[in-house]
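Try each task before reading its solution.

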Amino acid sequence: MRVVLFVLCFIGFSIYGYCQNIQVISGINNDPLPSVAIYNEDKSKNTLTDFDGNADISAFDTNETLFFQYIGYETLSLAKIEIVLAGNKVTLTASTSQLDEVVISISKFGQNKRDIPQQITSVTSEDVLFRNPQTAADLLESSGQVYVQKSQLGGGSPFIRGFSTNRLLIAVDGTRFNTAIFREGNVQNVISIDPFMVERTEVILGPGSVVYGSDAVGGVMNFYTKNPSFSFEKGFALSGNVIGRYATANEEKTGHFDLNIGGKQWAFLTSVTYSDFEDLKMGSNGPGDYLRRDYVETINGVDTVVQNDDPQVQRFTAYDQINLMQKIRYMPSEQWDLNLGLFYTTTSDYPRYDRLIRRRDGQLRSAEWYYGPQEWLSGNFQVSHQQDGVALFDDSKLTLSYQRFKESRNNRDFGDIQLFQTDEQVTALTGGLDFTKKVAPKSTIFYGVEYVYNKVNSDGSKTDISTGISSKDASRYPDGSVWQSMAAYASLQSKFSPTVSFQGGLRYNHILIDGDFTENNQFFDLPFSNKEVNTGALTGSAGITWQASDMLGWRFNFGTAFRAPNVDDIGKIFDSEPGSVVVPNPDVEAEYAYNFEVGANLNFDDVVKFDLATYYTSLKDALVRRDFSLNGETEIEYQGELSNVQAIQNAGRSRVYGFEAGMEVNFNETLQLTSQLNVTDGYTEEEDGSRVPVRHVAPMFGNSHLLFKKPKWKLDGYLEYNGQFDFDDLAPSQQNNEFLYALDDNGNPFAPSWYTLNFAGQYQITEAFQLTATLENITDQLYRPYSSGIAAPGRNLIVAASYSF
């Protein structure tokens, strides 16, 4: 067919331009590549692809060689005849050098990673198909630079450089995912993001407040979802993927389907994923403290302790989840790109496993403790516009977003008839305008404005399980509270020389909170009924990259960040740990972080590469949980138990510092060794001047991979490892949670070191059909990652098949 096309083209059809129009696509995902430079050998002729990746090559002679160049991809040279024989499609291969990688997170527009002073790591959709993460938390962990804590199987709370939860920011397609009830404790909202719908994940290591505002203290995790693809041919083109996966450790059964319908100007992408997880089985070689020897069941209305037939099976951890995505894209011209993304995710009820293993006087404390379905509904509309020569901007992007988050907590003590329930809903509206403007040949300004509105609805109740009668109880948050953020930012990127680049910026953010505590005053005699927070923050960053030689590159960066109080900080009522209750404290202010880091890249002829970074972060006026008094009382009754009173306060000053090292050794084109090591340490200064460990500083962790690649094969033998935290290395809150840890010879809790040996393989049977298999934890190690309430999977075989059409 291709030979016939070639003959026809050169007999006469080419005069109509049929054979003069080509399309350039990515070898990663077959998406069209815009603005690809196409030129001949002496560069006397050149052109660029449009937004659809199309280009007219009629200006080039039949026997000429064409060169294709695009940032992040290998330069390709093809004879014009070869292009015609290939069906007028040109596929570019991603560059093996990460220095040529294009990243979006730093400015919300594409930039060359080489020119960015901050440390960034990324995970692609190709990595997802090979690594087979069950959730987005596992996807982040696969980067090798994000530590993940889990309180239950349906969980995953990322740690980055000693910070976690509400000191990290999550974004989806550039839109803030954090809500006004992100807490200091561990959160699992990230599991609402479907790994199969993500095209690329970028993680900024370190502050990101200039672009993203509050919470971006320790880092930013930005998930960029897949976009619909247009058709190069006339009419509509159909394409898609079907994926099935099974894992033995928790009997995971996952099915995924996506369908793309592409036309010339309109394109549609539908994605559906369903996962079912049974109880997770831990390994057999490790501390017996983690075994699940008994559990509670309610039999004939009576709470009963039952001996576990298999203590390695963690009863109860099972749950299921569904993820839906619909994308609609319209490009009426090369200058305009309109994209609508609709998302819906929900889980079943899922038990909070770490609460189910707590004991009081040797007896299991809880009969029930589970989260209700975690729901995320989102509509994200983005309009991108390119117009060189406009006075105020070259590129612009309008983002309008609606999100609704739902969650609930349900708990009942052993032998108690009262089931306590809290239900929360957050409605989040976001509007943003972002611009770029080239102000000089080598200088570009990025600037924008943003408005975020969160409304928190919270309800509390308790139900007598013997009668089914429910009554009102204290809500977790002041119902109807509103959190607002208004901000403007600007940053400059400038190349001082071919080897030196600068990037710096400023952001002003204003935060308003309105909390109504009237409803909860009927349960607690709070000294206030309504509280308002009105505060602002100015943050900035400045950094330089210097490519000193082909072998050595430097990065220097200083940045500030802040976290403004949210509704969780000022208004929450909950039991933080056995015998303690956190009460509202509206008299808090923003906390500030000051970060300095130095990084270096060493490249020895693309054979051996090192990526090194060291950092130091100072957190001032840290919002931390400390003992408190309510109306002069240091103890109050909460859910039937006399509890110590605590509150979130500006009572801490923390220092966090660390070192990151990455290595890559390319033995030849098929064999590669990579390794990543992360070391973090730090302390918090208490009011009495003493120093205690920072809660979210993770132990030393890392991984090493030996990769073997052939055109149809990919094999990976890899090691994951984690250092030990002794009792003195644990933060005070963790020293009091011995049920999470193993016990040392003195009977004190500690987090033992651990490692796993793993092997993964992928085989491309046909162009459309692919098989992947991974054997995790080959030696069946029994371990529990730091601060986690659930033990990790034991020996685990994952088998996946994918079919593309």
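For sorting linings, Ala, Val, Leu, Ile, Met, Phe, Trp, Tyr, Cys and Pro count as nonpolar, Asp, Glu, Lys and Arg as charged, and the others, Gly among them, as polar. This is a predicted model, where local features need pLDDT of at least 70 and side-chain atom pairs count only at pLDDT 80 or more, while totals for chains, interfaces and linings use all residues. Residues are numbered from 1 along each chain, and side-chain values use heavy atoms, without hydrogens and water.

**Exercise 1.** Find the volume of the largest cavity and sort its lining.

*Solution.* A cavity is a set of points on a 1 Å grid over the protein atoms alone where a 1.4 Å probe fits but cannot get out; lining residues have an atom within 4 Å of a point. The volume, which is the space filled by probe spheres set on the points, is about 870 Å³ for the largest cavity. Of its 42 lining residues, those closest to the centre include Asp138, Glu141 and Tyr783. The lining divides into 20 nonpolar, 16 polar and six charged residues.

**Exercise 2.** Do likewise for the second largest cavity.

*Solution.* Its volume is about 210 Å³. Among the residues closest to the centre are Ile106, Pro207 and Ser541. Here the lining has seven nonpolar, 14 polar and no charged residues.

**Exercise 3.** Is Gly747 buried, partly exposed or exposed?

*Solution.* Buried means under 20% relative accessible area, exposed over 50%, and partly exposed in between (1.4 Å probe, protein chains only). Gly747 has 35%, so this residue is partly exposed.

Key:
On a 1 Å grid over the protein atoms alone, a cavity is a set of points where a 1.4 Å probe fits but cannot get out, and a pocket is an open set with protein on both sides within 12 Å along at least five of seven lines; lining residues have an atom within 4 Å of a point.
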